[in-house]
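Try each task before you read its solution.

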Amino acid sequence: KNIGYIKLKSFNENSDKQFIKKIKNYEKQKLIGYIIDLRNNPGGLLNQAVSITDFFLEEGEIVSTKGRRISETRKFFARSGDGVKGKPIIVLINNGSASASEIFAGALKDHKRAIILGENSYGKGSVQSIIPLRNGGGIRLTISKYYLPSGKSISEVGVSPDIFVEEQNQFEFDSENDNQLNYAIKLFQS
């Protein structure tokens with residue numbers, strides 16, 4: 001009752017507005033912290049990952065991209081102001097957490113802003129561009145790779161949790177069998 005829980009299913013064009021609005025509503029209550037569930041979140045837009053991560057960071061690098069061309073090499077930094085004023089955060093990840101999810105979890109982990117709980121993430125650390133073809137189709141081309149503030153690449157390694165909690169056999173999200181969520185709740189209560 002005193003923990004804010006948000007499950008983010010993907011990072012699409014409206015995710016940051018919806019996410020931040022939800023957090024601001026939670027902030028009106030007397031909460032002790034937040035659980036952000038990114039399990040099975042395949043990722044999405046880089047700008048959304050940066051925007052949502054920025055909301056929780058006071059300062060520092062969020063992510064960088066490095067490619068062959070200088071135009072594909074960029075760094076993204078947090079603007080001043082932590083939207084939840086330093087309240088503790090636990091981020092849930094699993095092997096289905098990829099791309100933008102890994103940027104969010106990895107940046108908060110590197111800045112020691114959140115505890116990452118669950119299983120190793122997927123390891124999709126590539127930036128892709130879609131080149132349209134005349135026939136209406138397209139080619140997806142990898143143009144650069146993501147790097148966490150620590151300088152580590154996400155590609156094929158993923159983000160490792162601070163606390164490893166394996167999904168149980170009869171695992172169900174948001175149920176009594178959700179041992180990862182239950183572990184996170186117990187952490188707040190201890």
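This is a predicted model: local features need pLDDT of at least 70, side-chain atom pairs count only at pLDDT 80 or more; totals for chains, interfaces and linings use all residues.

**Exercise 1. Two helices meet**

Which residues in H1 meet which residues in H2?

Residues are numbered from 1 along each chain as its sequence is written, and side-chain values use heavy atoms, with hydrogens and water left out.

Step 1. Find the elements: helices (H or I, at least four residues) and strands (E, at least two) are DSSP runs, numbered from the N terminus.

Step 2. List the contacts, where contact means heavy atoms within 4.5 Å. On the H1 side you will find Ser15, Asp16, Phe19, Ile20, Ile23 and Lys24, and these meet Gln48, Ser51, Ile52, Phe55 and Phe56 in H2.

Step 3. Sort them by class. Ala, Val, Leu, Ile, Met, Phe, Trp, Tyr, Cys and Pro count as nonpolar, Asp, Glu, Lys and Arg as charged, and the others, Gly among them, as polar. The contact of H1 with H2 then has six nonpolar, three polar and two charged residues.

Step 4. Look at the geometry. Axes are lines fitted to C-alpha atoms, for helices over the stretch in contact, and angles run from 0 to 180 degrees between N-to-C directions. The axes of H1 and H2 are 9 Å apart and the packing angle is about 20°. H1 and H2 are therefore roughly parallel to each other (angles under 35 degrees count as roughly parallel, over 145 as roughly antiparallel, 65 to 115 as roughly perpendicular and the rest as oblique).

Step 5. Assign the hand. A crossing is left-handed if the near helix is turned anticlockwise from the far one by less than a right angle, and right-handed if clockwise. H1 and H2 cross in the right-handed sense.

**Exercise 2. The other partner of the pair**

Describe how H2 packs with H3.

Step 1. Helix H2 (residues 46-56) and helix H3 (residues 100-110) have axes that come within 9 Å and cross at roughly 25°. That makes H2 roughly parallel to H3.

Step 2. The crossing of H2 with H3 is right-handed.

Step 3. H2 brings Leu46, Ala49, Ile52, Thr53 and Phe56 to the contact, and H3 brings Ala100, Ile103, Phe104, Ala107 and Leu108.

Step 4. Consider the spacing. An α-helix has 3.6 residues a turn, so residues three or four places apart point the same way.

**Exercise 3. Burial of a helix**

Which residues of H3 are buried, and what do they pack against?

Step 1. Apply the cut-offs: buried means under 20% relative accessible area, exposed over 50%, partly exposed in between (1.4 Å probe, protein chains only).

Step 2. The buried residues of H3 are Ala100, Ser101, Glu102, Ile103, Phe104, Ala105, Gly106, Ala107 and Leu108. With nine of its eleven residues buried, H3 is largely enclosed by the rest of the structure.

Step 3. Their packing partners are H2 and the strands E2 (33-37), E3 (61-67), E5 (89-93), E6 (115-118) and E8 (138-147).

Step 4. Zoom in on serine 101 in helix H3. Serine 101 counts as buried because its relative accessibility is 0%. Leaving aside residues up to four places away in sequence, serine 101 touches Phe11, Leu38, Asn41 and Gly43.

**Exercise 4. The whole chain**

How many helices and strands does the protein chain have, and in what pattern?

Step 1. Count four helices and nine strands.

Step 2. Along the sequence they follow β-α-β-α-β-β-β-α-β-β-β-β-α.

Step 3. For overall burial, 48% of the 190 residues in the protein chain are buried.
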